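Subject: Structure for you to look at

Hello,

Here is the structure I promised to pass on. Please open it first, then read my notes below.

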Amino acid sequence: GQVAVNLLKDSLPGTFDMVLMDLRMPVMDGLEATKLIRNELKINDLPILALTGEMREDIRSECEGIGFTEFFQKPLPKKKLQELVAKYKAVRDGWE
């Protein structure tokens, strides 16, 4: 979480196509990190995908309210990850 916030804060817009954010991490969890990215860094066009081992509806709702783009359960199959990378890279390429 904290690493993602620091990388985004110190990088030029468009450097990253998307962020895969685990919800449970030491130092700063994915929920807090995404709040900072959306609200303090004002990065609202970057897709942030939530990854969690907990597929509870309350967690999904919280993620949607914070500003996550999509929500996935771990483990994420390799094929699905490849599809997501291709999808969001194509979206970002279309913005340039």
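A residue counts as exposed when its relative accessible area is over 50%, and as buried when that area is under 20%. Partly exposed lies in between. Keep in mind that this is a predicted model.

Start with Val-27. Is Val-27 buried or exposed? Its relative accessibility is 80%, so Val-27 is exposed. Val-27 sits in the loop that runs between β1 and α2. Its phi is near 70 degrees, which is positive, and Val-27 is not a glycine.

Lys-42 also deserves a look. This residue is in the loop between α2 and β2. Its phi is positive too, at about 60 degrees, and Lys-42 is not a glycine either. With a relative accessible area of 60%, Lys-42 is exposed.

Now go inside. The largest nonpolar core holds 20 residues. Met-21, Leu-23, Ile-37, Cys-63 and Phe-68 have the most contacts within this core. Which elements give two or more residues to it? They are α1 (2-9), β1 (19-22), α2 (30-40), β2 (48-52) and α3 (57-66). The biggest share comes from α2, with four residues.

Take Cys-63 as an example. Leave out residues up to four places away in sequence, and Cys-63 touches Leu-23, Leu-31, Ala-50, Phe-68 and Phe-71. Another core, of six residues, lies apart from the largest one. Leu-49, Phe-72, Leu-84 and Tyr-88 are among its members.

Next, find Thr-52 in strand β2. Thr-52 is buried, because its relative accessibility is 1%. What does its side chain reach? It reaches the backbone nitrogen of Glu-54, at 3.0 Å. Set aside neighbours within four places in sequence, and Thr-52 is in contact with Leu-23, Phe-71, Phe-72, Gln-73 and Lys-74.

A cis peptide bond joins Lys-74 to Pro-75, with omega at about -5 degrees. Pro-75 is in the loop between β3 (70-73) and α4 (78-95).

Last, turn to the surface. Leu-20, Leu-81 and Val-85 make up a nonpolar patch there. Together they have about 210 Å² of accessible area. Leu-20 belongs to strand β1. Its relative accessibility is 38%, so Leu-20 counts as partly exposed.

Best wishes

Key:
Residues numbered from 1 in each chain as written. Heavy atoms only, no water. Core = buried A, V, L, I, M, F, W, Y, C linked by side-chain atoms within 4.5 Å. Buried < 20%, exposed > 50% of the residue type's maximum accessible area, 1.4 Å probe, protein only. Contact = heavy atoms within 4.5 Å. Polar contact = N/O pair within 3.5 Å; in protein donor to acceptor, adjacent residues only side chain to side chain. Patch = residues over 30% accessible without salt bridge, like charges linked within 9 Å, V, L, I, M, F, W, Y side chains within 5 Å. Areas by Shrake-Rupley, 256 points an atom, 1.4 Å probe, with all protein chains shown as cover. Salt bridge = Lys/Arg side-chain N within 4 Å of Asp/Glu carboxyl O.
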